[in-house]
Amino acid sequence: MEKPSRRNVLMAGGTLGALGALSVATPANASALWTWSPKGSVAGAGEGADPRWVWDEEADRLVASIIDRGDVAKVNTLLKQWTKNGQPLPAGLPADLRDFMERAKQLPSWADQGKLATAVNFNEKRGLYLGVTYGFASGMMSTAIPKEARAVYYSKGGADMKDRITKTAKLGYDIGTSNAYKADGEMIVTCVKTRLAHAGVRHLLPKSPYWTKVADEKIPISQADMMVTWHSLPTTVMQNLVKWKVPIPDDESVAFLHSWQVAAHMLGIKDEYIPNSWSEANSQAAQVLTPILAPTPEGIKLADILLNLGSFLDGGLLTKPILGSLTRYVLGDEIATWLKIPKDPLWDPLFETAWEPFIAVREGLLSLEKAPGALQKAYWAFDEILRLGALLVLSEGDLPISIQIPDTNNPH
Ligand code: HEM
């Protein structure tokens with residue numbers, strides 16, 4: 001296939017747009033066309049290059065060389081000692097890596113400390129809802145993003161999913177801490193390490209016979225893929241909170257977005273692809289995320305692992321159907337069916353009828369006596385679900401987790 005250039009993508013987009021067919025032109029499993037303008041980005045301008053063909057050039061070259069020259073184990077050992085944003089890089093890192101990391105750990109010039117401080121308020125006030133939405137909107141959605149599901153499944157981390165989920169949850173935990181981007185926080189470290197891990201995956205996964213058999217791309221984790229996953233996080237979370245009518249002051253909503261814009265930059269996403277507002281984010285997500293969602297055998301297995309996360313509490317007896325229904329409620333019937341989540345006659349209707357009133361009662365907008373009868377019975381259970389979500393997703397912050405550069409793929 002001809003490599004799409006900016007010109008022919010725009011031409012194709014223009015032709016389809018003229019036919020009024022842009023939204024129906026993309027079958028569920030195809031990549032969406034990139035017609036989103038860099039004018040709506042935090043950079044405000046840019047080349048507009050199709051991000052499906054852009055990766056993270058400098059990090060990728062550097063990490064490939066670290067892997068090929070056999071330095072990974074040494075680097076990973078040193079990286080374990082680097083945990084706080086303000087801490088100097090460990091002595092002994094290869095000079096080229098140190099030089100890159102010194103630059104990669106700088107916040108962008110547009111980072112706004114005032115907004116980051118407001119985001120802290122929001123995260124504290126809304127921590128309970130954020131736990132559930134990161135876990136069962138974003139986490140579950142990621143299993144229906146084919147490229148991500150395959151990359152996760154066939155990379156090194158795929159061999160130990162519990163460990164991988166814990167490491168990924170660390171980023172969700174770190175971004176919500178009060179000192180996330182401050183010298184004594186850990187979010188910058190987590191982002192830079194993740195950026196290096198992704199660069200390692202780009203070098204290694206193309207050597208996996210399992211991945212190459214199923215992948216429809218030569219190099220994984222393009223800038224477009226990064227934005228797709230990014231939208232499965234803040235954009236999807238905010239869309240759900242809005243749907244549930246959680247009251248959110250404008251400045252907190254903008255601040256939450258800002259903390260994720262900074263995260264995107266620190267993860268190596270180019271500023272010209274990072275949306276500058278929720279309306280830009282929603283329009284980009286409609287273009288790049290919604291149309292590509294689809295089931296894969298790998299995603300179905302990953303979803304099952306996520307649904308079993310609560311099993312340590314009850315062997316999955318109650319938590320699995322509840323988390324399944326929550327997923328069906330949040331992501332809808334189609335995606336739940338793709339992921340082979342069974343329908344549940346008790347919990348499915350309960351979420352449909354009682355979740356929004358539950359939020360209203362929690363927010364003091366509705367009295368429990370005036371809420372639907374179903375909620376009066378389910379209130380305690382929903383409250384427990386919020387706590388369970390927070391426990392599963394956000395409690396991992398206490399563990400000594402070190403995100404590492406992979407040195408191999410999943411051997412299976
Ligand atoms: C690793 C977050 C996008 C695939 C990680 C890790 C984090 C993370 C925190 C470290 C966890 C670990 O080492 O196991 C994110 C965020 C993203 C993003 C916040 C976007 C905003 C993507 C995309 C893909 C992907 C688009 C694939 C298409 C992977 C893989 C690993 C990884 C395969 C390494 C697992 C291993 O150790 O082998 N990511 N990621 N990520 N990510 Fe991402």
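Visitor: How many residues surround the ligand, and which of them are the closest?

Guide: A residue is taken to be near a molecule or strand if its C-beta atom, placed from the backbone, lies within 6 Å of it. Here 24 residues surround the ligand, and Ala151, Ser155, Lys156, Gly157 and Lys167 are the closest. This is a predicted model, in which local features need pLDDT of at least 70 and side-chain atom pairs count only at pLDDT 80 or more, while totals for chains, interfaces and linings use all residues. Residues are numbered from 1 along each chain as its sequence is written.

Visitor: Which helices each supply at least two residues of that shell?

Guide: Helices (H or I, at least four residues) and strands (E, at least two) are DSSP runs, numbered from the N terminus. Helix H6 (146-154), helix H7 (161-175), helix H8 (187-204) and helix H10 each contribute at least two residues to the shell around the ligand.

Visitor: How does the shell around the ligand divide by class?

Guide: Ala, Val, Leu, Ile, Met, Phe, Trp, Tyr, Cys and Pro count as nonpolar, Asp, Glu, Lys and Arg as charged, and the others, Gly among them, as polar. On this scheme the ligand shell has 12 nonpolar, 6 polar and 6 charged residues.

Visitor: H10 also packs with H11. At what angle do H10 and H11 pack, and how far apart are their axes?

Guide: Axes are lines fitted to C-alpha atoms, for helices over the stretch in contact, and angles run from 0 to 180 degrees between N-to-C directions. H10 (residues 223-243) and H11 (residues 250-266) pack at about 175°, with 11 Å between their axes. H10 and H11 are therefore roughly antiparallel; angles under 35 degrees count as roughly parallel, over 145 as roughly antiparallel, 65 to 115 as roughly perpendicular and the rest as oblique.

Visitor: Which residues of H10 and H11 meet?

Guide: Two residues are in contact if their C-beta atoms, placed from the backbone, lie within 7 Å. Trp230, Leu233, Pro234 and Met238 in H10 meet Ser253, Phe256, Leu257, Trp260 and Ala264 in H11. By class, the residues of this contact are 8 nonpolar, 1 polar and no charged.

Visitor: How do H5 and H11 pack?

Guide: Helix H5 (residues 113-142) and H11 pack at an angle of about 110°, their axes being 8 Å apart. H5 and H11 are therefore roughly perpendicular. On the H5 side the contact involves Lys115, Leu116, Thr118, Ala119, Asn121 and Phe122, which meet Asp251, Glu252, Val254, Ala255, Phe256, His258 and Ser259 in H11. The residues of this contact divide into 6 nonpolar, 4 polar and 3 charged.

Visitor: Lysine 245 lies in the loop between H10 and H11. Is lysine 245 buried or exposed, or in between?

Guide: A residue is buried if 20 or more other C-beta atoms lie within 10 Å of its own, exposed if 12 or fewer, and partly exposed in between, with C-beta atoms placed from the backbone. Lysine 245 counts as partly exposed because it has 13 C-beta neighbours inside 10 Å. Its phi is near 60°, a positive value in a residue other than glycine.

Visitor: Where is lysine 340 found, and what is its phi?

Guide: Lysine 340 is found in the loop between helix H16 (333-338) and helix H17 (347-362). Although not a glycine, lysine 340 has a positive phi of about 60°. With 14 other C-beta atoms within 10 Å, lysine 340 is partly exposed.
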